[in-house]
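Take a look at the model below.

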Amino acid sequence: MTSPLPAGALVLAATPMGRYDDASPRLVEALRTADIVAAEDTRRARALAAGLEVTIAGELISYYDQVEAARTPRLVEAIAAGSTVLLITDAGMPSVSDPGYRIVVACADAGLQVTALPGPSAVTTALAVSGMPSERFCFEGFAPRKSGARRDWLGALRDESRSAVFFESPHRLADCLADAVEVLGPERRAAVCRELTKTYEEVRRGTLAELAAWAAGGVKGEITVVVAGAVAGDPDLDELVARAIALTDDGMRLKDACAQVVKGTNASRRDVYEAVLAARSPD
């Protein structure tokens with residue numbers, strides 16, 4: 001038996017990522033009884049309700065990034081007046097890289113009740129199936145769109161010891177993984193989780209180099225990436241540079257020498273290459 005929704009409260013509800021039968025009975029009841037349902041996409045909200053065979057009796061309004069700021073005050077006023085507002089996004093938990101943070105803060109500042117109906121989350125689902133260490137992890141949202149910003153962002157993860165989870169567009173995945181190879185090193189372990197919980201779910205595990213080669217052929221669907229944390233005890237950059245220089249002194253090409261010394265480490269071949277050039281340049 002489901003418990004009634006609290007009056008005068010904001011209710012954040014996790015929605016299925018693919019299968020309607022992943023919805024909790026509490027979500028079904030909330031869709032049926034909430035005074036206002038604020039949805040990231042009202043068309044998808046109606047499709048969800050139809051799939052769950054429930055009728056949304058309350059007012060259904062859109063609540064997406066571009067209207068979030070304008071519509072938050074009205075919703076807060078409704079909650080203060082005793083209405084129950086149910087907030088849902090297209091999939092997963094509101095406010096996790098989706099609309100929701102702004103209204104949660106507004107309700108908290110106004111002393112209004114905020115509660116949640118737990119359920120599906122691409123972050124924890126991907127982490128669970130990735131095969132990466134999960135005792136400690138960080139969530140990085142969406143990867144930056146442009147390569148320069150993305151490389152800087154990946155650079156901040158170079159020494160991160162926790163597994164990192166992030167979202168990426170299928171159209172940018174290949175470029176993102178290619179940048180990750182250069183910044184984090186080709187041997188760093190990772191997993192690409194595609195279409196989680198859906199009919200064509202796929203989890204690819206391997207090194208960043210292996211995954212970048214796979215993604216270069218094109219990937220479709222919703223993507224969540226999990227990258228293993230840095231491993232303590234890797235040689236420092238100065239040591240790797242010294243090894244690379246020694247190999248080039250024996251006649252090996254610099255590019256090949258850098259690739260060899262970073263093999264089996266989480267170091268970046270590009271960082272070693274540039275450091276060797278800097279060490280050899282005149283003052």
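Strands here are DSSP runs of E with at least two residues, helices are runs of H or I with at least four, and both are numbered from the N terminus. Two strands pair if DSSP finds at least two bridges between them.

This is a predicted model, in which local features need pLDDT of at least 70 and side-chain atom pairs count only at pLDDT 80 or more, while totals for chains, interfaces and linings use all residues. Residues are numbered from 1 along each chain as its sequence is written, and side-chain values use heavy atoms, with hydrogens and water left out.

Stay with the parallel sheet. Strand E2 (residues 36-39) runs parallel to E3, and four bridges join them. Ala39 has Ser62 in E3 as its bridge partner. Contact means heavy atoms within 4.5 Å. Axes are lines fitted to C-alpha atoms, for helices over the stretch in contact, and angles run from 0 to 180 degrees between N-to-C directions.

Now the other sheet. Five strands form an open sheet in the order E6-E7-E10-E8-E9, with mixed pairing. Strands E6 (137-142) and E9 (202-207) are its edges, and each pairs on one side only. From one strand to the next, the twist averages 15°. E6 pairs with strand E7 (residues 163-168) in the parallel sense over four bridges. Phe137 stands opposite Ser163 in E7. Helix H8 (residues 208-215) lies across strand E8 (189-194) and E9, at about 130° to E9.

Next come the rings. Rings of Phe, Tyr and Trp (its six-membered ring) pair if their centres lie within 6.5 Å; planes under 30 degrees apart count as stacked, over 60 as edge-to-face and the rest as tilted. The count comes to three aromatic pairs. Phe139 and Phe167 form an edge-to-face pair, 5.2 Å centre to centre with 65° between the planes. This pair links distant parts of the chain: Phe139 is in E6, Phe167 in E7, 28 residues apart.

On a 1 Å grid over the protein atoms alone, a cavity is a set of points where a 1.4 Å probe fits but cannot get out; a pocket is an open set with protein on both sides within 12 Å along at least five of seven lines; lining residues have an atom within 4 Å of a point.

| Space | Volume | Lining by class |
|---|---|---|
| Largest cavity | about 40 Å³ | five nonpolar, one polar, three charged residues |
| Largest pocket | about 890 Å³ | 19 nonpolar, nine polar, 10 charged residues |

Ala, Val, Leu, Ile, Met, Phe, Trp, Tyr, Cys and Pro count as nonpolar, Asp, Glu, Lys and Arg as charged, and the others, Gly among them, as polar.

Residues lining the largest cavity include Leu157, Arg162 and Gly229. The largest pocket is lined by 38 residues; Arg44, Asp90, Ala91, Asp98 and Glu222 lie nearest its centre. Which helix gives the most to the lining of the largest pocket? H2 does, with four residues.

Key: Points joined across faces, edges and corners; volume = space filled by probe spheres on them.
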